[in-house]
Amino acid sequence: MTMAPEEPKVEVPEGYVKLTIDGEEVIAPKGELLIRTAERLGTVIPRFCDHPLLDPAGACRQCLVEVEMNGRPMPKPQASCTMTVADGMVVKTQRTSPVADKAQQGVMELLLINHPLDCPICDKGGECPLQNQAMAHGRADSRFRDTKRTFPKPLPISTQVLLDRERCVLCQRCTRFSDQIAGDPFIDLLERGAHQQIGTAETAEIYDAASHTASGKPFQSYFSGNTIQICPVGALTSAQYRFRSRPFDLVSSPSVCEHCSSGCAERTDFRRGKVMRKLAGEDPEVNEEWICDKGRFAFRYATAAQRLRTPLVRNAETGELEEASWTQALAAAADGLAKARDGKGVGVLPGGRLTLEDAYAYSKFARLALRTNDIDYRARAHSAEELDFLASRVVGTTPETGVTFTALEHAPLVLCVAFEPEEEAPAVFLRLRKGARKRRTKVVHIGQWTTPAVSKTFGELLACVPGGEASAVEGIAQHAPDLDEALRAEGAVVLVGERAAEVPGLFSALHRLSERTGARLAWIPRRAGERGAIEVGALPTLLPGGRSVEDAAARSEVEQVWGLEAGALPGTPGRDVTGMLNALVTRDLDGLLVGGVDPADLPDPALARKALAAASFVVSLEMLPSEVTEHADVVLPIAPVDEKAGSFLNWEGRRREFSITLEGTGALPDCRVLDTLGVEMDADLFTQTPAAAAGDLARLAPKPTGSAAAPDVPNGHVPKAGDGQAVLATWRQLIDEGTLQIDEPHLAGTARPVVARMSKASAAGLGRRVTVSTERGSVTLPLEVADLPDGVVWLPANSPGSKVRATLGAGHGAVVTIAAGGDQ
Amino acid sequence: MGLEENLPNGILLASLEKVVNWARKNSLWPATFGLACCAIEMMTTGGSRYDIARFGMERFSATPRQADLMIVAGRVTQKMAPVLRQIYDQMAEPKWVLAMGVCASSGGMFNNYAVVQGVDHIVPVDMYLPGCPPRPEMLLDAILKLHAKIQDEPMGPRRAALRAASGERTEIIPSSVKYAKK
Amino acid sequence: MFDALKGFGVTFSNMFKKVATEEYPEIGAPAAPRYHGRHQLNRHPDGLEKCVGCELCAWACPADAIFVEGGDNTEEERYSPGERYGKDYQINYLRCIGCGLCVEACPTRSLTMINFYELADDNRQDLIYTKEDLLAPLLPGMEQPPHPMRLGDNEQDYYVNGPELARDRGVPSGETVETSEEKAMQ
């Protein structure tokens, strides 16, 4: 007699429970939501409000299932998106339970009662969960015979986000996102019962609703675009993309954001050779599912009317730039550069927005074709101390060895020094907030005032005078022993931003702090290409892979890989940006090869202008005309990121590769242009394509860090403001007058207000506007009182009406004159 | 004819051009190039109901050397392309090409690797006729429009240059309007 | 001997039979009432466009012959009732196979086909018909957009009461707005 083999008894591990879903036994971790357990089994329960990264709400009731506990069925179907699994639970979804199925269909019918039938004109039509589920589970006709509820539409929540309340199913994804993830409660539920609707404080006033948002604040968010993406119906739409195309007409291509150093994953949707929109991509290691509005909406710079599309060569007789063929332009550029090289030499300013491959081409071009170390990508304030810091602490770090987004989320303490996460790296800000909200990460900011980022990360501010950050860091041990103690905890992180280069001694102080406490140190630049440019040696002291130019062994290694004769690489460190500009003015340098650099970003724009005028030969590789173009002898147009492949290295050192989105536009990446230019100058770069450049770079394995000397610069004296003066604190706002944000009126409308900030005591007697001036120029802005130290004024660095570098010629920590600006 | 190339520009040619063009347009002999469904409509056009003989075209020629007008009727595959070009090359000058139907004109709905995306990639096309397939009236309409173009064709390079410089173009008028009974 | 006469007899007798040949083009361009000729973008009785730029026609098109881009109606510049209108509308007649799936897909009955078929042209550019080429001619009572909604406060009025509104506006009776081009041809 044969016996049926006994069912092997499955042990339920600790922390797990066993339950039955649709007759199938499942083991699930405690605390898991039913809807996810079912999903792992392959049963998709329809839902609208549920989102894995938002707290459960149970708002839409679409995910009803039948649940039985301890043999007793629950009296009514339960929402599976709010119910956690329990031992011995028996769950029947719509697959096996007619009750659950009927309940879901009923909810669908109720949701559709007030939903307009305007799918043909709705931007969500074609990718709409409500549409899909109505088609899959809904009734073919409606039993509702009365008049549908209507609202005036669309209602602008901001210049960028439009709300159509008729379509809303009140799932509260948007309100939960703004409340939980972004921390900007700009959108909220208003009214009750049948009148319940989504709105803002402003809309509540306009339409005279009985209640206001919880905060009552006007719209202000850098992350509002995400609500458009997670809206399960077409209630929230973007003004930029509105009615521009339909999802079934778009081709999607995964891409990487080119705006900041976070390297967020994106999805670029295009049709007929034109990018229509960008959406957040999913990468749990980096940006999870969120991106900032700049990454989402700022892409039309690539289609700007003024974009350079053909090479230009300056006519020697008329002095005008004239269109030329690539062959002519490259020959002219090669000829001029070779002459300048054989004269006093050529400097290279690649700029901080290059892909890894393009930056490598610049680095190699400088060494091979121009035979110089005069290359510096830093198109911003910089210092020799920073160079040492980058060589000793930054180059070569990877997610395996350095700080990561995940590490930020799990850190017990994060100290932000001279770094404004929300403005400079929004994805970092979201992680900090997530850590602070979910894991009680303590966030301490050493800055000037309680910025929105400080309060939204539930942070603590250690206010200091601009330029006094180094002393503040030094003083931690003495004045903030609890912070010092917390920094010694396992996993504590110190983040430092690009502004640190303007504070003498800050990098050294941070290095010492990190050595003393064991806290991990991460440098978060503002631009996407900075980290990659360091790695490929687009710096005067570094060769690719973090090799020092002064190290003979490292040089010969590079010479071997590049197939050069021994001793071909110059062994003396080159000049930095300011050094090169000075040398051009004093005629110690003849030529200049410039990438995407705006002279107004440089520490001294006036010097930059003088240098450009003094240079005997300037070659510009640019996408859009700039001040450099006016002085350039040859202009070579290059491709925007959508039209080339490549990779960015984000601040973690993570390689963020992307392939070409728009093919066949004929635009060439920098590496290809430089390669051909190199051939004209008898130097083979082997960077014809980004893939070739990456392959060539891979042969130069990075050298382990730690070989370079750490920076050791004494603290600069803390700037002091005299009578009628103040110390300037300044940094860029996320949405400002940046070149990559041109042609985006809707996005520009969501920028933060451009105001100057001072402490109450310092602002006394100045009236409602303040004029900040130096001997170069002045900026007059509305004055707002904030908790700055006395004698400090804060200005946005590059916003409309406040271009600090260009107008004042000063930076963070400079002493400026303050006067009343009139009331206007 | 060849003779006109050597004649001086002047009084004679304006009238001669008209006569020659009149003769040419009224005795167009088509080289059939039926490749698909459009060819069925083309055959219908040759039949008694539409009677292409009314326009002096009844002799559908299987000998390219006796033909002036190539009616490419149907989708041209990459494999057929060289054959088509060879037939075209064998036709004697002057010669014209009519792309009949959307497939011959642009590839039509066959946007794929096998089909030539428009016969104008291989031979110069004088008249594009949309439709899938075009009905016989449409073919007649296209032929009549081509007649109008032939009638206006300049004789000799000098007159061609003059006409190009003047920017003059034959007006394309729907045949039912142009030839409507008054 | 008789054979030859018999042969001529066939020819001779045919001279008295009805001629089968259609006298195109002299008799005009005949077509069945529902013939799939070229497209027409229809108008509401007050002249506003029916097209809302939804691109469903482009989606339905098996030959990818249609390109549509939507646009925003504003109070100052209104082309159709409601929020959205077709800003750019192109049909490539060298791809179009006249299947009519686009007409079936159109949710507002904006796109229909008329009987006109004499489309042949001597260059590919001119056979891409744009919105100006495709829009229906203005009938009595219609005015050229952009102009405000004349027949109601919102698009509901246009869609729910279309035929009555057309009559009130003086569109000739027995003539639907969709078939105007047909008449206009003659």
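Student: How many salt bridges are counted between domain 2 of chain A and domain 3 of chain A?
Tutor: This is a predicted model, so each value here is computed from predicted atoms. One pair to look at is A:Arg380 with A:Glu386, whose closest N and O atoms are 2.8 Å apart. A salt bridge needs such atoms within 4 Å, so this pair qualifies. Between domain 2 and domain 3 of chain A, the salt bridge count is three.

Student: Which helix gives the largest share of the side of domain 2 of chain A that touches domain 3 of chain A?
Tutor: Polar contacts join these two domains as well, with six residue pairs counted at pLDDT 80 or more for both partners. On the domain 2 side, one helix of chain A, covering residues 530-535, contributes three residues, the largest share. The side as a whole divides into six nonpolar, four polar and six charged residues. The helix you want is α19 of chain A.

Student: How much area do domain 2 of chain A and domain 3 of chain A bury between them?
Tutor: The size of an interface is often given as the accessible area lost when the parts come together. For these two domains of chain A, 64% of the buried area is on carbon and sulfur atoms. On the domain 2 side, A:Arg380, A:Trp651 and A:Glu652 lose the most area to domain 3, together 45% of what that side buries. The area buried between the two domains is about 1600 Å².

Student: What distance separates the centres of domain 2 of chain A and domain 3 of chain A?
Tutor: Chain A is divided into four parts: domain 1 (16-111), domain 2 (313-380 + 531-698), domain 3 (385-525) and domain 4 (725-820). Domain 2 puts 16 residues into its contact with domain 3, which puts in 21 residues. Taken over C-alpha atoms, the centres of domains 2 and 3 are separated by 32 Å.

Student: In which helix of chain A do A:Lys339 and A:Asp335 both lie?
Tutor: Side chains of opposite charge can pair when their charged atoms come close. A:Lys339 and A:Asp335 form a salt bridge, with the closest N and O atoms 3.4 Å apart. The two residues are four residues apart, about one turn of the helix. Both lie within residues 326-342 of chain A, in helix α8.

Student: Let's move to chain C. What is the radius of gyration of chain C?
Tutor: Chain C has seven helices and five strands. Its C-alpha atoms fill a box of roughly 90 × 35 × 25 Å along the principal axes. A compact globule of 186 residues would have a radius of gyration near 16 Å, but for chain C the value is 22 Å.

Student: Which element of chain C gives the most to the side that touches chain A?
Tutor: Chain C and chain A share seven residue pairs in polar contact, both partners at pLDDT 80 or more. Three elements of chain C each supply at least two residues to this side: α2 (56-60), β2 (66-72) and β3 (84-92). The one that gives the most, with seven residues, is β2(C).

Student: How many salt bridges are counted between chain C and chain A?
Tutor: Chain C and chain A bury about 1500 Å² between them, 51% of it on carbon and sulfur atoms. On the chain C side, C:Glu55, C:Glu83 and C:Arg84 lose the most area, together 41% of what that side buries. C:Glu83 also meets A:Arg242 in a salt bridge, at 2.3 Å from N to O. Between the two chains the salt bridge count is six.

Student: And chain B: which helix gives the most to the side of chain B that touches chain C?
Tutor: In this contact, 40 residues of chain B meet 31 residues of chain C, and the two chains bury about 3000 Å² between them. There are 18 residue pairs in polar contact, with both partners at pLDDT 80 or more. Elements supplying at least two residues each on the chain B side are α4 (101-106), β4 (127-129), α5 (136-151) and α7 (175-178). With eight residues, the one that gives the most is α5(B).

Note on methods: Residues are numbered from 1 along each chain as its sequence is written. Chains are lettered from A and ligands numbered from 1 in the order in which they are written. This is a predicted model: local features need pLDDT of at least 70, side-chain atom pairs count only at pLDDT 80 or more; totals for chains, interfaces and linings use all residues. Side-chain values use heavy atoms; hydrogens and water are left out. Buried area is the accessible area (1.4 Å probe) that two parts lose on being put together, summed over both. A salt bridge is a side-chain nitrogen of Lys or Arg within 4 Å of a carboxyl oxygen of Asp or Glu. A polar contact is a pair of N or O atoms within 3.5 Å; within protein, one must be able to donate a hydrogen and the other to accept it, and residues adjacent in sequence count only if both atoms are side-chain atoms. Domain bounds come from an automatic or database domain assignment. Contact means heavy atoms within 4.5 Å. Ala, Val, Leu, Ile, Met, Phe, Trp, Tyr, Cys and Pro count as nonpolar, Asp, Glu, Lys and Arg as charged, and the others, Gly among them, as polar. The radius of gyration is taken over C-alpha atoms; the globule rule is 2.2 Å times the number of residues to the power 0.38.
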